[in-house]
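Here is a short briefing for a reader new to this structure. Take a look at the model, then work through the points below.

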Amino acid sequence: MSSTFPFPRLKRMLLYVSLAASLAPPTSAWADDAKALLKTMSDFLAAQKTISFSYQSSLEAVTPAFEKLQFVSSGTANLTRPDKLRVTRTGGFADLDVSFDGSSLTVHGKNLEAYAKIDGKGSLDDLIDRLMTAGVEAPGADLLASNVYDVLISDVTEAKHISSAFVDGVECEYLAFRTPEIDWQIWIQNGPQPIPRRYVITSKHVVQAPQYTLEISDFKSGADVAAVSYTIEIPASAKTVDLSELQSLDELPEAADMGDLK
């Protein structure tokens, strides 16, 4: 056996021990701190009547051969409370323009030359509830709710304030939360504008624990938000279809497999 073998192994072991110690379960004060920081973010977002931001998202999928793939999309979001929303998303399999004007939801699949329109008067909270009830996956949409804290914290069994961190060079507070079905992490910007900069959801009961990641940039609120129309101009060549026929609503190709349950 080489005389140099034990040292790198010991070094790795010390590194792991050090990392494990730094991630030891927090005291109750830290848990309360995590919830307090999350509540501060929620209160700030709820107080903003008009918001716009850019985002990048990535969704992992696990193939039957246990290969993990990551599908990346980017887009923009404009929101006017209580009942206006315009979201775009462009990825490898979808080019979507989505608008809710308080009375109907329009989804335009620009790459499909098709659109769907669903009547439904109500607030953004009502829209999010209806989409979730209909089984439409919209990860990250909970950050747009008027009561972000209540939505996010409802099933939380454990909360941690891990550390400070930097996202795109901006100092944030790094928080981690556990629920029975998923773990999620959030990086909240420090300072007078406590916005979410990074949000990661882990499906912990799916093989290889795939994650959804949302990163937010160019956040604006109030008078800084550029005017936007909440009515989509549909090209005359686009056909009307049922929402279920817009196969590329999510970020995965049709054949991708998210993995089998353990």
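**Strands and sheet**

Tyr-174 stands opposite Trp-187 in strand E9. This is a predicted model: local features need pLDDT of at least 70, side-chain atom pairs count only at pLDDT 80 or more, and totals for chains, interfaces and linings use all residues. Residues are numbered from 1 along each chain as its sequence is written, and side-chain values use heavy atoms, with hydrogens and water left out.

*Overall make-up*

- The chain has four helices and twelve strands. Helices (H or I, at least four residues) and strands (E, at least two) are DSSP runs, numbered from the N terminus.
- Of the 262 residues in the chain, 42% are buried. Buried means under 20% relative accessible area, exposed means over 50%, and partly exposed lies in between (1.4 Å probe, protein chains only).
- Take the contacts between residues at least 6 apart in sequence: 52% of them join residues at least 24 apart. A contact means heavy atoms within 4.5 Å.

*The sheet*

- Twelve strands form an open sheet with mixed pairing, in the order E7-E8-E9-E10-E11-E1-E2-E3-E4-E5-E6-E12. Two strands pair if DSSP finds at least two bridges between them.
- Its edge strands are E7 (158–167) and E12 (239–240), and each pairs on one side only.
- Strand E8 (residues 170–178) pairs with E9 in the antiparallel sense, over seven bridges.
- Strand E10 (residues 196–203) pairs with E11 over five bridges, again in the antiparallel sense. Here Tyr-199 stands opposite Leu-214 in E11.
- Strand E1 (residues 50–62) runs antiparallel to strand E11 (residues 211–221), and eight bridges join them.

*Two residues on E1 and E11*

- Gln-56 lies in strand E1 and stands opposite Glu-215 in E11.
- Gln-56 is partly exposed, because its relative accessible area is 42%.
- Leaving aside neighbours within four places in sequence, Gln-56 is in contact with Val-72, Ser-73, Ser-74, Thr-213, Leu-214 and Glu-215.
- Gln-56 and Ser-217 are 161 residues apart in sequence, yet their C-alpha atoms are 8.4 Å apart in space.
- Ser-221 lies in strand E11. Ser-221 counts as buried because its relative accessibility is 14%.
- The side chains of Ser-221 and Gln-48 are joined by a polar contact of 3.2 Å. A polar contact is a pair of N or O atoms within 3.5 Å; within protein, one must be able to donate a hydrogen and the other to accept it, and residues adjacent in sequence count only if both atoms are side-chain atoms.
- Not counting residues up to four places away in sequence, Ser-221 touches Gln-48, Thr-50, Ile-51 and Gln-193.

*Nonpolar cores*

- The largest nonpolar core has 46 residues. Such a core is a set of buried Ala, Val, Leu, Ile, Met, Phe, Trp, Tyr and Cys residues joined through side-chain atoms within 4.5 Å.
- Leu-38, Met-41, Phe-177, Trp-184 and Ile-186 have the most contacts inside this core.
- Helix H2 (residues 28–47) supplies the largest share of this core, five residues.
- Apart from this core lies another, of eight residues, among them Ile-162, Ala-165, Val-167 and Trp-187.
- Met-41 is in contact with Leu-143, Val-148, Leu-152, Ile-186, Ile-188, Pro-194, Ile-195 and Pro-196, leaving aside neighbours within four places in sequence.

*Aromatic rings*

- There are five aromatic pairs. Rings of Phe, Tyr and Trp (its six-membered ring) pair if their centres lie within 6.5 Å; planes under 30 degrees apart count as stacked, over 60 as edge-to-face and the rest as tilted.
- Phe-177 and Trp-184 form a stacked pair, 4.2 Å centre to centre with 15° between the planes.
- Phe-177 counts as buried because its relative accessibility is 1%. Trp-184 counts as buried because its value is 2%.
- Trp-184 and Tyr-199 form an edge-to-face pair, because their ring centres are 6.0 Å apart and their planes stand at 75°.
- Trp-184 lies in strand E9 (residues 182–189) and Tyr-199 in strand E10, so this pair ties together parts that are 15 residues apart in sequence.
- Ring pairs link Phe-177, Trp-184 and Tyr-199 into a cluster.
- Arg-198 lies over the face of Trp-187, at 4.8 Å from the ring centre. A charge sits over a ring if NZ of Lys or CZ of Arg is within 6 Å of the ring centre and within 35 degrees of the ring normal.
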